[in-house]
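Subject: Handover of a structure and notes on its contents

Dear colleague,

Please find the structure below, together with its sequence. My notes on what was found in it follow directly after.

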Amino acid sequence: MSQVDAHEDSGFVARRFVLAEFATPEALLAGTHKVREAGYKNLDTHTPMPIHGLEAALGLGRPKIPLIVLCGAIAGACIAYAMIYFCNVIDFPINIGNRPMHGPPANIPITFELAILLAGGSSFFGFFTLAKLPQPYHPVFESEDFTRCAVDAYFLSVELPPEGEADKVFAEVQTAGALSAELVTESER
Amino acid sequence: MAAPNLSRDPLEPLPLLEGKHTDKTINDSLLEHVWRGAGKGWWALFACALSALSLLGIAIVWTLYKGIGVWGNNIPVGWAFGIINFVWWIGIGHAGTLISAILLLFQQKWRTSINRFAEAMTLFAVICALLFPLLHTGRPWFAAYWLMPYPSVQRIWPQFKSPLTWDVFAVSTYFTISLLFWYLGLVPDLAALRDSSKSKTKRMIYGLFAMGWRGSGRHWAEYKWAYLLLAGLSTPLVLSVHTIVSFDFAVSVLPGWHTTIFPPYFVAGAVFSGFAMVLTWMLPAREFLGLKHVVTLKHLDNMAKILLVTGMMVTYGYVMEHFVAWYSGNPYEYSEFFRVRQHGPMAPIYWLMMFCNCIVPQIFWSRRARTNILVLWFASILINVGMWCERFTIVITSLHRDFIPSKWENYSPTWVDVSLFIGTIGLFSTLFLLFLKFVPAVAVTEIKELRHELDHDPTAETAGVTH
Amino acid sequence: MSPLFRPKHNTLAQISLFVVAAGAVGVPGGLMLYARTPYARGMQDPIEQPLQFDHRHHTRDEGIDCRYCHNTVDKSPSAGIPPTQLCLNCHSQVWNKSPLLEPVRQSFIQNKPLEWRRVYKVPEFVYFNHAIHVNKGVGCISCHGRVDKMAAVEKDTTMTMGFCLDCHRHPEANLRPVSEVANMDWKPEGDPVDSGRLLAAQNDVHTRTSCTTCHR
Amino acid sequence: MSCDDNHEARANDRVRRSLPVVGSGGAPAGGPPATRKLWRSIEERSRAVTPGAANEFPGGAADLEGSSRRGFLQLLGVSTAVATVGAACRKPNEKIIPFVRRPEELTPGNPLHFATGYALEGYTSGLLVESHEGHPTKVEGNPAHPETLGATTTAEQALILGLYDDDRAKQLRRGATAIAWPTFLSELKARSASLAGNGGAGLRFLTGPTASPLLADLRRRILERFPRAKFVSYSPVAADGAIDGAKLAFGRPLMPRHHLGPAAVILSLDSDFLNDGPEQTRLSREYSARREPSRDMNRLYVVEPAMTVTGAMADHRMRLRGGDISAFAASLCAMLSGRGLSALGPVGSLGHGAGLWDSKWLVALAADLEKNRGRSLVIAGRRQPAVVHALAAALNSALGNVGATVEYGVPITTDATAGVEALRALVEEIAGGAVDTLVVTAENPAYGAPADFKLGQLLKRVPNVIYHSLYEDETAQSCNYLVPAAHPLESWGDGRATDGVVSIVQPLVAPLWGGKTEAEVLSAFVGDGEVGTHALLRKYWSGMSKLPGNLAGSFDGVWERWLADGIVPDTGASSEQGLAINSQALAQAAAPLLARQAGQAGQAGQGALELAFAPDPKIFDGRFANNAWLQELPHPIIKLTWDNVAMLSQATADRLGIETGDILEVSSRDRKLEAPAMIVPGHADDALTLPLGYGRLHTGHVGLAVGFNAGELRVSEAPWFDRGATVTNTGRHHRLAITQDHWTMAPDGREIPPPAVEAPLAEVLSSGSMFNEELEARRGAQPTIHEPVDYSKQQYKWGMAIDLNKCTGCSACVVACQSENNIAVVGKDNVWRGREMQWIRIDRYFSGPVDDPQMINQPLGCVQCETAPCEYVCPVNATVHSDEGLNEMVYNRCIGTRYCSNNCPYKVRRFNFLDYTGDISPARELGMNPDVTVRVRGVMEKCTYCVQRIERKRIATRIEGRAIADGELETACQQGCPTQAITFGSLNDASAKVTKLHADPRRYDLLHELGTRPRTAYLARVRNPNPDLVKVD
């Protein structure tokens, strides 16, 4: 805890997490439910693969990505068509082998492609923005065991409130079926 | 190689995953080939690939220095190897997207073992393809930016009625989306690599690319959607891209090009050649990277079936082309299909195409053929050849004999043409070997997921077979 | 074993992301802006001539018409650079001892032309024709600016295709009576566009924007 | 200001070179300076020369001009910085170089036109040359000249390239040592002094045939000083037969002049009168003028060994070996005298050789000729021996054609003949060592003379050979003095056309490399070497007792008018009246000649071949071998470039097991030659046609070692046709750069509407005929979902009409276009690959049996489709439509995807696959048309109806406040066309010729079924077969 005090002097409040490991995805799922019912907020899980039902267990709302992507698609289509129309009809209309200045069929491909491009882009970048990635450092990385999180370990992390008691949480996760648990503390730099 | 499936009752469905596994075993077995130092074989292949790549470099420099005239093109054959290779590579790319996207939407479990592989292939194929549209222009240094709609001081814009302008948007979109899709899928595996790396530098590097992925449940929730939607977008994209490529020809007035059947027929051809190319690379990779337990005979069997189906679509395309040429009563069309292609100077290519694309796939009616590695491998190569010949027939044979006989010319490629083709194969191989060296050839995370599903859903196996 | 990265790396990551994004947008944008700057167009940059010829003096003080020296402007694509002979029409009488004019006299005696430095240049694939513009009432000033106020002549307009197109699409504002083309001080009565319309009718002006109007 | 430089130096962006000054060359101080004169339009000429008009060139103008010419030196003697394209260079780091004194008539940026002339084979045609700031850029025919009538031949069009040819001889030399002109003169003075001692016994002059009064006068003066000197004219392709023939027929040497105007029936005996000889331009015009489909349309019979331009136009063509044509002529005489043409007398009983041809044909021909007495013409070719010309003369006079379709006059060339016989004497003298000094001004005799003369070696035996030549050619190798010749466009001079009309030849530019004229060389022998041609010329003409055209006013005024008009009035030669055939004498003389021919014909039985030598339609006798435009010009019949071939018939080829491209070993009179073979439809069997002029060992880099030298088999006793040759197939193959490999319109048997339409007169005239219905379906609007753009509101709606009935395929338009539009030359390999650049392609199709086909030409440039397929596929708007419906090609916007070309159904677009213009010499750049962008590598190009001419004319007329009148604006191809097959104008002008032609019943659109709405319309060709010969099957 001395470390922590040192930080308090500099006005920096280190976030603290209890990192509990479970044996299997199913155990994790059950455990998460328990701990949440016990009234803990700021829960998160760390698994090597997506696990069906965790969204519910963590009490997450509807995902936002689909809406973002829809907006991206619509924007793409509008931009594309507007651009073509402006260039070939408004700004510099040219007689191209007797074809009409505004030929909708000829505009479909680009409109479509740009819609896809922006939709895809918003899906990709939308995700990273929502996930606040890249984020090379996160307190959970302080744990030694956490190096298995992307391999074969199933963690539940509980963020402690500033004055929260770590021990109570340890007890809680124990009863929830965790194999082991440890306290990780954010470091300042 | 054929040993395992002979020992097994042929009617028993093939498993998606050979043997019992834990996350750990999967993880280690699939990352093993990354950690294992590059063997002699790899270096040998890499050397060949690099030499071919340098050939590409020479050919490109020479083309830019002397001009497009160092190619065999002429009037009337304004497009030749450049466009053939472009269409061929783009087509090859499509299988990747198809496998990873469409099969994902159809929830084909057998997809997971091969999609990463296929996506990478898409990416590299598109890179090869991208070289040509730029190189084949007379003045690439202008083409590079005059094709972009930007407000220039000349106040002049691209001409949006031209299929080439559509191409610019289609192909660049295709490349971008494929790249994003591939990378998004790769992130969790990069984390896995980071966490199972032995050396600090490796962990640093992989960690950098993993962008601090920590498998957070909140992330997974959005991630699944982001990935699914990218897949959902890629599906129409892949169809549209080859449709637009086919417009380059279909929109023109040239007999042999001016055909409404081109879009579906090009897409089918693309998938056909793409799957063939996946097989051509997958079979050796599977052998030498120890992936047999995840890329099982079941996968090969399914892919062979797809080859059979798409092969017959392509054949149907050929039949319809000829039928319409005859039925329309257009003398130029008729002559193109029934005289020039079959008896003209380029006829051998035409007949080779017919053999490779229509006859060869028929062997896949037999399950023995479908599960025999060598047969599969040679067939896949023949199909790649056949599809290249198809593009040759479409581009060159149509061009060299059109309306007015006084300007009919023959075509013969130069060393630069050949070098460019070989060179792109070199580029493709180089990238591929690097890919195999530095990232898992199989989507580790998804295999783990698959394993869990299989463990908890005994019907999954059969579900995997049917499609 | 401590974590791979420290908290500072988060900020670092964000900054680098921002830089990449900014570059992707900024570089092309910057280039497009640069192409429109007077500097890139070589404007506002008086060009020193081998001979101290002062347009201000000749046109404003002496009131010499532009067409006295540039005397093919109304019958040829090129405005014409005056032959030395023409300079001496006057300068054999006036200032015929001035050391400033030594190069001119030498040129005539030794039959060596004066080598002027070019101020305006259109690319070799652009076919500009002075005669038709002058004969349809486009004033010198429209492209060359207030030459009568330039000690050393400088490029006054961008000379981009956009510049030409603007006028070819809407010439009114640049039209004047044919008699006034060389007049640096002429101002239209009332709204230039309205009077321009009248003049367009008078001078039978038909601007064209077909490519071959300038590119052949 | 921007434009001074653009217009003066656009074409020569990279470097500007100094042009020497016209008149300054060789003009001594105080000597009269050379003054050229602008060409004046017809109406201007009709104005009498008044003192007022003379003020156009005020007193002292001469001096001012003389000095101002020097102005060019300064104007161009400056190198400018490399002009980088566009705004790449922020500040143009360039100089502008004004004149010190600007010439009166010159407005920088506006071209000038000068009338001049060009002498080929001694006959001078009238030209009109366009000049930009002192460099000539384009040659046109002089409309005021009776022989050219405003049109040109390919050779005349190509003069520009020859002028700027960097390979020309540039250094006056003695042996290998370069010497100056004055030195040369002084050495010559000494030599001629010693020669004068014995009256010039050892002095000989070998000149080309010439009709120049000045040269004739110089010859007179030389012979006065050297009474025992001799002049010999020689040309390897001399047309002696005509004159000797007239001698046989009329007893004295006379030269025929032909008039096709009144001719309803024309028989050509191996005469390619539409594409060969000094009358070709006029005859082409006269011939085509009577091809309008009507009752009095003329009918052309051609008897010839190999297909020629004239043969291709024939209504009835018979292929016959050259040596058998005399027999044919004799049989025709017999046939006609049998039909009561008593005037032929004993000549009518010479006939034999029956069995060589279809007698039905001969009967029909005879009947047709006989029906058209006084309205027919028999015309014999330059290759035919005297006896054939004599029989032709006999036939013409018996048919009463003399005076109507043909007239005979005293030869206007100084020497009546210039053939082998003339040369033989000289050769013997040289061999006998009688010649001490030989002055050679003839065209490369060492190459052109018969092989058995071995002139090349012989010349080495002559102590002094002074050779005056444009190139360091074969002859130059064995001469100790080489005097670089001034190019015709650099020379002062005079000459006469076939009708005797005199043209003053004025230079467009002073000799680029200090060349000298023939007159200057000759004048050196009478001590006038320093005077200069211009002075000599003025002296000669002003010295004439009575000026032609007995004009009022000073000689200066008259002189200027001659220069301005390009012709000297009232100098036409009169024709002989009351000529009568001495039938008896002719018959006696002809009989043995015919017998000899028949004897030779006998040999043919043993499978021996007849060698037929022919002047090449492109490079003639080889004098144009270094002209890349002509080398790359597709041969009018076989479409071959950069080569010559041994042509033979399919049957003969099959018999000998030969295919096109095989290299043959041809042996004749124990001489051997290797030549690639080509099968040519319509070639006579058992005959081999060998074009002359190729296989050059010494010339510029362009013509060097192109093709084989047929001259190696050519011997003095048989200069044109030689029997008894044998060939063996070496089995080796030669790569031929042919631009059109296929013969027919549907090589793969496709059933398509024929691209080039033709029909017999009868069908054309009957309104309801199938032919007319077919054409009806090939014009007019096609159904479309797009409302066609309405161009009728525009001031102009440019359109073109090409009359296939008039096009002879002579290819003058192709070269004219190449010159006008700065079209690049790509070289043999690129042509072989199919990358030739000429914007106009003359499509040639054969129909009927391969051994005896008919041929049709179809010139095809961009047809300016209104719904152009090329435009909508261009991704960058580089090819778009103008407000007047032109299909514009914007070179500087093109990125070179070549998509437009792929999608062009006519395949008339050309692409700069390589940097074709990068390596052209700075001199050549001066000849570029400054009004047309020089295309760079990687850019598409094509015909734009000479839009630069349209815009210049538009601006000129808009300044004058009027519209462009019909006919006032001509495209380059139209202007060059000798038969006026091409018409251009505005389709919005109802009275315009082109509008009328678009409404012609013969009009049809090429590939009309594609709905491209082309602006170029074609008029179907009409044949006028003899009803008796029309096969009924």
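Helices (H or I, at least four residues) and strands (E, at least two) are DSSP runs, numbered from the N terminus. A:Leu133 and A:Pro134 are joined by a cis peptide bond, with omega at about 0 degrees.

Before going further, please note that this is a predicted model, in which local features need pLDDT of at least 70 and side-chain atom pairs count only at pLDDT 80 or more, while totals for chains, interfaces and linings use all residues. Residues are numbered from 1 along each chain as its sequence is written, chains are lettered from A and ligands numbered from 1 in the order in which they are written, and side-chain values use heavy atoms, with hydrogens and water left out.

Two further backbone features deserve a record. The peptide bond from B:Ile75 to B:Pro76 is also cis, with omega near 15 degrees, and B:Pro76 lies in the loop between helix H3 (40-66) and helix H4 (81-105) of chain B. In chain D, Glu121 (D:Glu121) has a positive phi, near 55 degrees; D:Glu121 belongs to the loop between strand S2 (112-120) and strand S3 (123-132). For context, most residues other than glycine have a negative phi, and most peptide bonds are trans.

I turn next to the interface of chain D and chain B. Here 60 residues of chain D are in contact (heavy atoms within 4.5 Å) with 59 residues of chain B. The two chains bury about 4900 Å² between them, 54% of it on carbon and sulfur atoms; buried area is the accessible area (1.4 Å probe) that two parts lose on being put together, summed over both. On the side of chain D, the residues that lose the most area to chain B are D:Arg750, D:Tyr899 and D:Arg937, together 15% of what that side buries.

Two salt bridges are counted between chain D and chain B, a salt bridge being a side-chain nitrogen of Lys or Arg within 4 Å of a carboxyl oxygen of Asp or Glu. In one salt bridge, the side chains of D:Glu836 and B:Lys407 meet at 2.7 Å, N to O. Helix H27 (828-833), strand S30 (841-847), helix H28 (899-902) and strand S34 (910-911) of chain D each supply at least two residues of the side that touches chain B.

Chain A also meets chain D: seven residues of chain A are in contact with 13 residues of chain D. About 910 Å² is buried between these two chains, 55% of it on carbon and sulfur atoms. A:Asn95, A:Asn98 and A:Arg99 supply 59% of the area that chain A buries against chain D, more than any other three residues. The count of salt bridges between chain A and chain D is zero.

Finally, helix H11 (residues 297-327) of chain B may be of interest. Within helix H11, B:Lys305 forms a salt bridge with B:Asp301, with the closest N and O atoms 2.9 Å apart; the two residues lie four residues apart, about one turn of the helix. Over all chains, the count comes to 100 salt bridges.

Yours sincerely
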